[in-house]
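Please read it alongside the sequence and the coordinates.

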Amino acid sequence: MEAMKISKRFFAFGILTCIAVYVAYVKWHLGSKPFVGATEGVAESRGDKLTHQAVTTDLSVFYGIMFDAGSTGTRIHIFKFAQQPRETPRLTHETFKALKPGLSAYADDVEKSGQGIKELLEVAKKEVPMELWKFTPLVLKATAGLRLLPGEKAQKLLEKVKEIFQASPFFVRDNCVSIMNGTDEGISAWITINFLTGRLDDPQRRSVGMLDLGGGSTQITFLPRTKATLQTSPSGHTTSFQMFNHTYKLYSYSYLGLGLMSARLAILGGVEGKPLGEGEELISPCLPPGFKSEWQHAEIVYKIKGQKAGEPLYESCSNKVAKMLYKKVHRAGEVKDLDFYIFSYYYDCAAEAGLIDKDNGGSLTVSDFEIAAKYVCKTMEISPGNNPFLCMDLTYITFLLQELGFPKSQGFKLARKIDNVETSWALGATFHYIDSLNRLQY
Ligand SMILES: O=c1[nH]cnc2c1ncn2[C@@H]1O[C@H](COP(=O)(O)OP(=O)(O)O)[C@@H](O)[C@H]1O
Ligand SMILES: [Ca+2]
């Protein structure tokens with residue numbers, strides 16, 4: 001994939017060259033402090049008294065700020081990198097803060113969308129030393145929520161964010177605010193998980209695949225080991241980029257509309273962006289029998305209702321979910337032989353069902369999700385409990401994983417953080433953004 005090409009220089013010679021060139025570029029672009037200025041700034045802020053000679057051999061510290069404008073929330077990731085001269089920089093810290101709802105919830109009140117962005121920018125101002133603000137790239141990438149909005153509405157929201165970014169003291173370029181395509185989202189998350197588990201700089205270690213279940217879309221990304229996987233993949237399901245003197249050909253696909261919230265709406269029988277008519281309600285075999293409520297999704301409130309008691313809930317719900325997913329997902333045969341990490345709502349639902357510890361994550365099989373789904377659905381036949389969607393959500397996950405090609409015995413790793421860094425696409429996308437600044441120079 002063109003947009004994700006990561007130069008050999010970047011990975012083979014380490015991120016060192018990239019950061020050095022990037023800072024040189026910033027210096028050239030802003031016509032401000034020399035390269036060592038950034039280093040001096042940090043040294044000053046630590047209270048060190050350094051000579052010029054010492055400064056050039058001392059630790060440099062750099063930051064990158066990535067906003068994840070997801071369909072259910074907006075999050076800021078502030079990454080701090082430390083770098084010794086001629087060595088590969090290390091990711092030393094991440095600051096993370098999340099706000100709800102997502103940007104797309106402000107489609108009809110664009111002015112209001114700015115408040116949350118400004119609030120998160122204040123976190124960045126506290127975290128990044130003032131003297132590094134103008135060297136620190138600031139980027140926002142939006143995912144399914146904005147992809148699902150009419151283009152004009154999405155553009156207005158992005159323009160508002162850009163206005164705020166341009167008025168901020170951070171380093172912004174013309175492309176600092178955008179809607180990310182689903183393949184880039186998958187690849188960025190794949191880079192993150194393989195970087196955080198130490199696999200990116202060690203070609204001897206087998207890479208891991210990743211599954212992300214967002215609110216609006218869901219991604220699967222892995223490095224196939226057999227040619228057959230690439231040859232039999234539908235068009236648009238494979239992509240390539242260069243790293244460690246290798247060309248990596250990844251399988252990566254994002255299913256728009258199959259994120260958990262969009263899937264709920266489809267299972268309920270609703271249509272994205274279309275309110276119900278007067279007196280209409282959505283009746284579902286996945287909700288507790290006799291249950292009646294309202295559910296808000298993408299700023300629309302739907303009247304929802306369970307069916308009358310009858311067939312066991314899990315059976316009736318699984319029929320509905322299977323119909324909803326019918327022929328929507330490509331089954332990649334090889335996935336059963338690979339290790340996968342699973343993120344986002346896979347994690348949240350597993351934690352909510354008590355399958356994993358909500359802070360420490362764990363390991364689960366498809367069968368674990370299925371057993372939990374059967375159990376939760378059964379208990380809902382008697383009482384709706386705290387989360388009337390849990391039977392539907394767990395059933396959906398059980399079927400989605402199998403549609404993607406995973407057998408019931410397949411095990412998955414669930415980790416919200418690795419080494420205190422969020423396992424999201426944001427880190428991989430930050431590497432890519434910094435690399436794009438590098439490529440600009442040449
Ligand atoms: O950086 C993160 N850390 C932890 N959880 C995250 C992060 N980013 C997204 N999530 C999880 O993703 C899910 C929502 O997906 P999101 O709002 O990103 O939808 P989208 O990816 O379809 O646009 C929630 O389960 C939320 O907890
Ligand atoms: Ca997401």
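**Sheet and annotated site in a predicted model**

Helix α5 (residues 110–127) lies across β1, β2 (74–83), β3 and β4, running at about 150° to β3. Here contact means heavy atoms within 4.5 Å, axes are lines fitted to C-alpha atoms, for helices over the stretch in contact, and angles run from 0 to 180 degrees between N-to-C directions. Helices (H or I, at least four residues) and strands (E, at least two) are DSSP runs, numbered from the N terminus.

This is a predicted model, in which local features need pLDDT of at least 70 and side-chain atom pairs count only at pLDDT 80 or more, while totals for chains, interfaces and linings use all residues. Residues are numbered from 1 along each chain as its sequence is written, chains are lettered from A and ligands numbered from 1 in the order in which they are written, and side-chain values use heavy atoms, with hydrogens and water left out.

**The open sheet**

- Five strands, in the order β3-β2-β1-β4-β5, make up an open sheet of mixed pairing, where two strands pair if DSSP finds at least two bridges between them.
- At the edges are β3 (90–99) and β5 (177–179), each of which pairs on one side only, and the twist averages 20° from one strand to the next.
- Strands β1 (residues 60–69) and β4 (residues 138–142) run parallel and are joined by five bridges, with Phe67 standing opposite Leu140 in β4.

**The annotated binding site**

- An unreviewed UniProt entry places the feature "binding site" at Gly215, Gly216, Ser217, Thr218 and Gln219; UniProt positions are given in the numbering used here, feature names are shortened, and annotations may be inferred rather than shown by experiment.
- Ser217 lies in strand β7 (residues 217–222), and Thr218 is also placed in β7.

- Ser217 is buried, with a relative accessible area of 3%, buried meaning under 20% (1.4 Å probe, protein chains only).
- The side chains of Ser217 and Arg147 are joined by a polar contact of 3.3 Å, that is, a pair of N or O atoms within 3.5 Å of which, within protein, one must be able to donate a hydrogen and the other to accept it, residues adjacent in sequence counting only if both atoms are side-chain atoms.
- Thr218 is likewise buried, with a relative accessible area of 3%, and its side chain reaches the backbone oxygen of Asp212 at 2.7 Å.

Key:
Buried means under 20% relative accessible area, exposed over 50%, partly exposed in between (1.4 Å probe, protein chains only).
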